[in-house]
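Please examine the structure shown below.

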Amino acid sequence: MRVPLSWLREYVPIEVPLGELTERLSVASAEVEGVERIGVPEADGNLERFRVGRVLEAEKHPNADRLQLCRVDVGEGEPRQIVCGAWNFGPGATVAVALPGAVLPGGLELERREVRGELSDGMILAEDEVELGPDHAGIMVLADGPEPGTPLVEVLPLVDDVLLLEPTGNRPDLLAVYGVAREVAALFDMPLADVPGGQSSGHVPEGQVEVEVDDFEACPRYIGRLFENVRIEPSPLWLKSRLLVAGMRPIANVVDVTNYVMVALGNPLHAFDFETLHGGKIVVRRARKGEEMRTLDGVERRLEPEDLLIADTERAIALAGIMGGEETEIGASTTTVLLEAANFEPFTIFKTSERLRLRTEGSNRWEKGVDPYLAAPAAALATELLVELTGATWTAQSDVHADLPERPVVCYRPERADAVIGVATPVDDQHALLARLGFERGDDTVVVPTWRARDVTREIDVVEEIARFRLEEVPFTLPVRRAMFGTLTREQQLRRRIEDALVGLGFSETYTPSLRPDDETDWKLPEPIAVELTALRTSLLPSLVEAVRRNVDAGAEQIALFELARIYLSNGELPNERLHVAGVAPGGFARVKGVVQALYEVLKAGAQFERADHPLFHPGKTARTSAGIVGELNPRILDGEWGAFELDLESLFAESREPVAYEDVITYPAVRQDLAFVVPEQVEAGELVAAAREAAGPQLREVEIFDVYRGEQVGEGKKSIAFSVAFQSPERTLSDEDAAALRRQIADALGERFGAVLRTA
Amino acid sequence: MTENEATVAAVDWEAYEREASAAVAAASGPTELEDARVGYLGRKSELAQALRGVRDRESGMLLNGIRERLEAAVTQRERTLEGEELDRRLREEIVDVTLPGERLPLGHLHPITQVRRIVEDAFLGLGYEIRDDREVETLEYNFDKLAFAPTHPARSPRDTFFFDESHVLRTETSPSQIHALEEHEPPIYMVSIGRVYRRDAITATRYPIFHQFEGLAVDEGITLADLKGTLLHVMRALYGPERRIRFRTHFFPFTEPSIEPDVSCGICDGAGCRTCKHTGWIEMGGAGVVDPQVFENVGVDPERWSGFAFGCGLERAAQLRHDIPDIRLLWEGDLRVLRQF
């Protein structure tokens with residue numbers, strides 16, 4: 001919402017420094033996103049070079065048919081000679097003059113110069129040159145009155161500040177200059193002008209506009225007014241400049257008046273060319289199935305039965321509250337105008353605007369809820385302006401409405417405000433604040449003003465009204481807690497441990513999107529913002545591999561990335577969202593397996609590996625653990641030798657054996673030996689270890705493979721696997737004989753099961 | 001007088017010891033020391049010879065005393081010389097300490113994770129539990145139970161990712177409020193942290209996926225002032241002890257009163273700069289007092305219990321802490337970026 005300060009001041013005499021106004025509004029009412037200074041630059045006395053002038057003489061330029069040569073009195077005693085390209089004035093006209101040296105809004109500095117051989121000592125201004133209107137067809141002819149030489153800024157709004165206000169959705173009353181003025185008056189405890197248009201009484205015509213409302217739920221009120229002998233003309237300068245500053249394009253008087261009233265009061269209006277209506281009647285109804293209409297923007301709209309329409313006796317003539325129809329649009333030849341000042345129910349407008357993806361200044365206000373009592377002053381203000389600006393006669397009217405909602409009466413305990421806010425506000429002060437906002441005090445109740453009736457319906461809503469006035473005085477306290485947990489859960493602690501371990505192992509953490517282009521899943525967005533962000537991912541690795549590839553392309557070295565995030569598995573009503581950790585780093589199978597072993601180890605868990613297949617991985621260098629997959633990436637996926645893993649955290653954490661129980665490995669020392677077995681090539685090391693453990697029992701405390709050898713000494717199709725073992729008992733020192741017996745048990749078992757032969761040194 | 005007695009008597013042992021001590025002390029290297037030791041303590045030394053012939057206790061004590069003292073002096077001198085030798089050697093072993101150290105592999109936690117931990121720790125210290133809930137939500141939890149009006153813009157597929165008419169990617173972490181309230185009786189002190197989704201085009205300031213932390217405190221007698229104090233604590237944990245905060249009125253469906261907290265700009269300390277758009281303040285998210293409607297939606301008595309809730313973005317916090325100009329940098333996994341943190 002653009003709120004021109006000059007317009008605001010018409011309703012409330014606010015003179016505090018701009019910074020104070022914006023700060024107070026931002027804290028207590030609605031955020032001021034910024035202040036736009038518009039119009040003629042003020043620096044270096046620039047404004048003094050803009051004056052009121054009176055044209056003394058005006059005749060054709062001797063050397064140019066399309067130019068006028070004028071002598072203009074600008075209050076200096078001696079008139080100035082000015083060359084002008086416009087012809088919409090003559091001697092005696094009061095005009096706006098910029099003197100040489102003046103800087104225009106665009107930054108152009110005027111110079112005294114010769115035009116076709118004649119000196120031009122200034123410029124007679126058109127409205128667009130000082131950003132007061134869009135026209136450049138002629139110069140501005142001012143109303144007579146001000147003396148030549150009067151500073152122009154006293155006559156025209158050459159400079160203005162525009163507050164860029166962002167009211168929240170619950171405050172549609174602030175989508176109007178008068179509404180903002182009402183708020184400012186309350187904030188600064190200042191008088192507020194009466195509602196514009198509200199005071200006009202005068203004659204009400206006898207004629208009736210025929211209006212039929214089929215659906216009072218959706219349209220609680222419809223005021224129609226008929227104006228005859230309308231002259232469509234450009235609006236006067238003040239109106240055009242106000243609309244421009246408020247961010248709307250001036251078109252012509254009738255449409256400009258409807259827009260002006262909307263910005264001033266917040267009630268969107270519409271005007272129809274009455275002569276284009278069939279049957280001369282307004283019908284407010286829902287659309288019929290298959291009905292169509294062409295809106296003002298030239299688009300053919302297919303309507304649905306939920307859409308609320310303004311129709312005549314035969315067809316739709318407007319999408320209620322959203323946009324008018326092309327066929328009944330006001331045009332240059334319009335002479336009879338039907339003005340609509342209605343009230344529409346928000347949800348109806350919202351749904352249609354949503355479905356058609358059509359948002360307008362009007363729909364934006366309706367869908368937030370417009371005060372149904374506002375239609376009357378809006379109609380009055382528009383009537384006043386239409387009669388004044390178009391020369392029209394108001395000839396007929398009608399005000400069709402259901403029972404308008406009563407003002408909400410809310411039970412209110414002022415002590416409740418103190419309890420919620422945490423700072424005390426005396427009861428009388430509370431009621432004084434509320435009164436400034438238009439609330440009335442009852443016995444243990446307050447009566448809500450009509451313009452806040454949707455937002456304030458409960459005691460807590462009234463409390464908020466007090467709170468927003470006192471936000472700066474709210475102290476800093478902490479809850480007096482009666483229950484405290486304040487610890488990370490086991491899973492949260494282990495998660496941190498995994499993150500820290502990976503960082504220690506040289507992996508850098510990355511975040512990639514949860515949405516993928518193509519994952520196999522039930523959870524695909526029917527309307528993604530980009531195909532890359534379509535499906536909830538079922539694995540972290542594809543995005544991680546892409547991140548690695550980007551780093552390779554960027555020339556990074558020692559690339560090692562991990563991500564800890566959710567994957568989403570199809571699982572009925574809602575997906576099964578699981579935390580995974582995945583990593584990619586250079587190096588072969590052994591290296592990445594070492595990483596996974598380390599992750600198990602930091603969790604105090606033992607990892608078991610078995611051969612596995614996975615489409616992203618090398619077919620011969622991939623293993624599965626209880627929690628996921630580890631191996632070398634298939635070089636088709638990522639060029640070079642890369643290790644990768646992806647583990648499910650819940651499964652991984654299930655392996656964690658904590659707290660660890662102490663084992664006495666000090667009192668009775670271990671007997672350490674190296675054993676090497678020759679086995680057929682297809683025997684896997686893990687099988688040997690498992691069998692050795694089974695054979696030797698708990699006294700085989702450690703067994704680790706430290707070498708695998710193939711060659712002549714062991715023969716074709718065979719390999720030698722060397723183990724380092726430690727035999728130890730918690731009860732006694734093992735003798736050499738004990739160790740020899742254990743070794744024999746192992747050798748026998750391995751020999752029997754795998755044909756393994758113990759090599760002797 | 002035997003020969004030996006004569007030898008003992010013939011020597012001025014006081015002078016011998018003085019002479020020997022001086023020789024040991026003067027030895028400037030291992031060779032000289034060994035010469036002195038052999039000369040005065042060795043097998044052929046006068047002392048050794050005299051000791052061999054000694055018969056009387058008095059002479060024995062005298063000579064053994066001399067021997068022990070000289071041996072101690074030799075050992076002492078030996079240590080001194082070794083120490084000096086080591087010092088000399090170490091003085092020569094000079095490296096250029098400005099040469100790089102060995103590059104050990106060390107990774108980096110993502111800035112969002114770092115900020116996440118700061119937030120978690122700040123709230124753990126205040127006695128809050130940390131939780132996260134599902135990202136695919138039903139309309140019931142994402143909107144209805146949080147008292148979103150039927151016309152709230154977030155219900156539009158223009159703002160929110162819909163899978164079908166009843167499932168969305170959660171638009172904020174606020175559904176956690178409902179989950180927490182349904183799971184436990186108050187009092188509740190919890191912070192929920194996780195990914196949320198909005199239908200925004202990817203730009204320098206917006207990314208359709210981001211992270212929020214959402215706090216909820218429900219107890220007897222909770223006030224807006226408690227919210228102010230709590231947020232001050234967390235903002236100071238994130239941005240430093242000098243930070244101030246202010247509240248601006250706002251509107252959210254599930255809080256009343258609703259506010260937006262601003263933290264004083266850490267770059268200009270409130271004077272106004274580019275980062276804070278010349279306001280001196282930086283928006284941190286949304287907050288407010290839990291709306292009684294939310295309590296009623298989950299069967300909690302709003303007359304007995306009161307609470308506050310707040311939600312802030314982790315990306316924004318990471319960007320502010322580290323002065324990261326473009327949110328996309330947090331999502332690209334570029335090691336040139338990640339290795340800075």
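The dialogue below considers a helix, a sheet and a single residue.

Tutor: This is a predicted model, in which local features need pLDDT of at least 70, side-chain atom pairs count only at pLDDT 80 or more, and totals for chains, interfaces and linings use all residues. Residues are numbered from 1 along each chain as its sequence is written, chains are lettered from A and ligands numbered from 1 in the order in which they are written, and side-chain values use heavy atoms, with hydrogens and water left out.

Student: Is E459(A) buried or exposed?

Tutor: E459(A) lies in helix α11 of chain A; helices are DSSP runs of H or I with at least four residues, strands are runs of E with at least two, and both are numbered from the N terminus. Buried means under 20% relative accessible area, exposed over 50%, and partly exposed in between (1.4 Å probe, protein chains only). The relative accessible area of E459(A) is 15%, so this residue is buried.

Student: Which strands stand at the edges of the open sheet in chain A?

Tutor: Seven strands of chain A form the open sheet, in the order β27-β30-β31-β35-β34-β33-β32, with mixed pairing. Two strands pair if DSSP finds at least two bridges between them. Each edge strand has a single partner, so one of its sides lacks a neighbour in the sheet; these strands are β27 (508–509) and β32 (610–611) of chain A.
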